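Subject: Structure handover

Hello,

Here is the structure we spoke about, with the sequence. My notes on what was found in it follow below.

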Amino acid sequence: MTTWTRRAWLRGISASILAVASRDMYAHVSAGPVDAPLPTLDGWVVDQFGRRVRLQDMLLGGVTALQTIFTGCSSVCPLQGALFSAVQDGMPRVNARYPLRLVSLSIDPLSDSPEALRAWLQRMGAGPNWRAVAPTGAVEQIRTVLAGRAPGPNLDAHSTQVYFFNKAAQLCWRSPALPQAKEVLYVMERLAQA
């Protein structure tokens with residue numbers, strides 16, 4: 001199966017499931033603007049190339065859409081990868097004053113090595129503006145800040161929301177559960193024009 005065929009298949013499956021699935025199934029908090037933008041936690045992450053970087057530094061200076069995933073997930077994470085693939089395809093059409101970036105943040109850093117993250121990105125057809133990272137610590141703190149409350153113990157029931165960061169690396173918007181690519185692109189464009 002070629003990469004394009006796999007991507008088309010994943011998009012078709014995700015569209016079908018999104019049409020049937022409850023949008024609130026994996027949501028932790030309501031969608032929309034964060035009342036007071038939240039600063040990024042000052043934690044360290046390791047990217048798909050094994051580079052260690054501060055999460056805040058990685059998010060500064062651009063508009064970032066971030067999702068939580070883990071590479072061993074076979075339920076919603078492939079759908080989230082297909083979503084970001086569609087977003088990535090639409091990013092060149094966005095009128096932006098700041099760089100646009102996609103980040104897939106692992107919530108299973110013990111299993112998600114740089115090699116596993118790189119392989120996951122490759123399966124999803126990721127380009128240069130899409131990174132995958134795993135926290136080196138404080139994963140539960142990061143998930144709590146993103147979701148607005150403490151996450152449950154079951155990794156498979158993680159949030160499928162997309163979290164948006166402005167150029168100052170502040171969390172300023174949360175999508176509904178399992179958003180559509182056009183919704184993600186709309187928020188990114190608004191933040192990138194601010």
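Contact here means heavy atoms within 4.5 Å. Asp47 belongs to strand 2, residues 44–47, and with a relative accessibility of 0% it counts as buried. The cut-offs for that word are under 20% relative accessible area for buried and over 50% for exposed, with partly exposed in between (1.4 Å probe, protein chains only). The side chain of Asp47 makes a polar contact of 2.8 Å with the side chain of Arg51 and another of 3.0 Å with that of Arg131. A polar contact is a pair of N or O atoms within 3.5 Å; within protein, one must be able to donate a hydrogen and the other to accept it, and residues adjacent in sequence count only if both atoms are side-chain atoms.

Before the rest, some notes on the source. This is a predicted model, in which local features need pLDDT of at least 70 and side-chain atom pairs count only at pLDDT 80 or more, while totals for chains, interfaces and linings use all residues. Residues are numbered from 1 along each chain as its sequence is written, and side-chain values use heavy atoms, with hydrogens and water left out.

Overall layout

The protein has six helices and eight strands. Helices (H or I, at least four residues) and strands (E, at least two) are DSSP runs, numbered from the N terminus. In order from the N terminus, the elements run α-β-β-β-α-β-α-β-α-β-α-β-β-α. Of the 194 residues, 48% are buried. The accessible surface is about 9100 Å², and 56% of it belongs to carbon and sulfur atoms; these areas come from the Shrake-Rupley method with a 1.4 Å probe, and for residues only the protein chains shown count as cover. Among contacts with a separation of 6 or more, 76% are between residues 24 or more positions apart.

Nonpolar cores

A nonpolar core is a set of buried Ala, Val, Leu, Ile, Met, Phe, Trp, Tyr and Cys residues joined through side-chain atoms within 4.5 Å. The largest one has 33 residues, and those touching the most other members are Ala65, Val87, Leu102, Phe164, Val184 and Met188. Two or more residues each come from strand 4 (63–69), helix 3 (77–90), strand 5 (100–106), helix 4 (114–124), strand 6 (130–135) and helix 6 (181–193). Helix 6 contributes the most, with seven residues. Met188 touches Val63, Ala65, Val87, Leu100, Arg101, Leu102 and Phe164, not counting residues up to four places away in sequence. There is also a second, separate core of 17 residues, which includes Val34, Ile142, Tyr163 and Leu171.

Aromatic rings

Rings of Phe, Tyr and Trp (its six-membered ring) pair if their centres lie within 6.5 Å; planes under 30 degrees apart count as stacked, over 60 as edge-to-face and the rest as tilted. By this rule there are two aromatic pairs. Phe84 and Trp130 are edge-to-face, 5.8 Å centre to centre with 70° between the planes. Phe84 lies in helix 3 and Trp130 in strand 6, so this pair ties together parts that are 46 residues apart in sequence. Relative accessible area is 0% for Phe84, which is buried, and 1% for Trp130, also buried. The rings of Trp120 and Trp130 have centres 6.2 Å apart and planes at 90°, so this pair is edge-to-face. Phe84, Trp120 and Trp130 form one aromatic cluster.

Elsewhere, the charged end of Arg52 sits over the ring of Trp44, 4.3 Å from its centre. That wording requires NZ of Lys or CZ of Arg to be within 6 Å of the ring centre and within 35 degrees of the ring normal.

Other residues to look at

Thr68, in strand 4, is buried at 4% relative accessible area. A polar atom of its side chain lies 3.3 Å from the backbone oxygen of Ser159.

Most residues other than glycine have a negative phi. Ala169 has a positive phi, near 65°; it sits in the loop between strand 7 (163–165) and strand 8 (170–174). Leu178 also has a positive phi, near 45°, and lies in the loop between strand 8 and helix 6.

Regards
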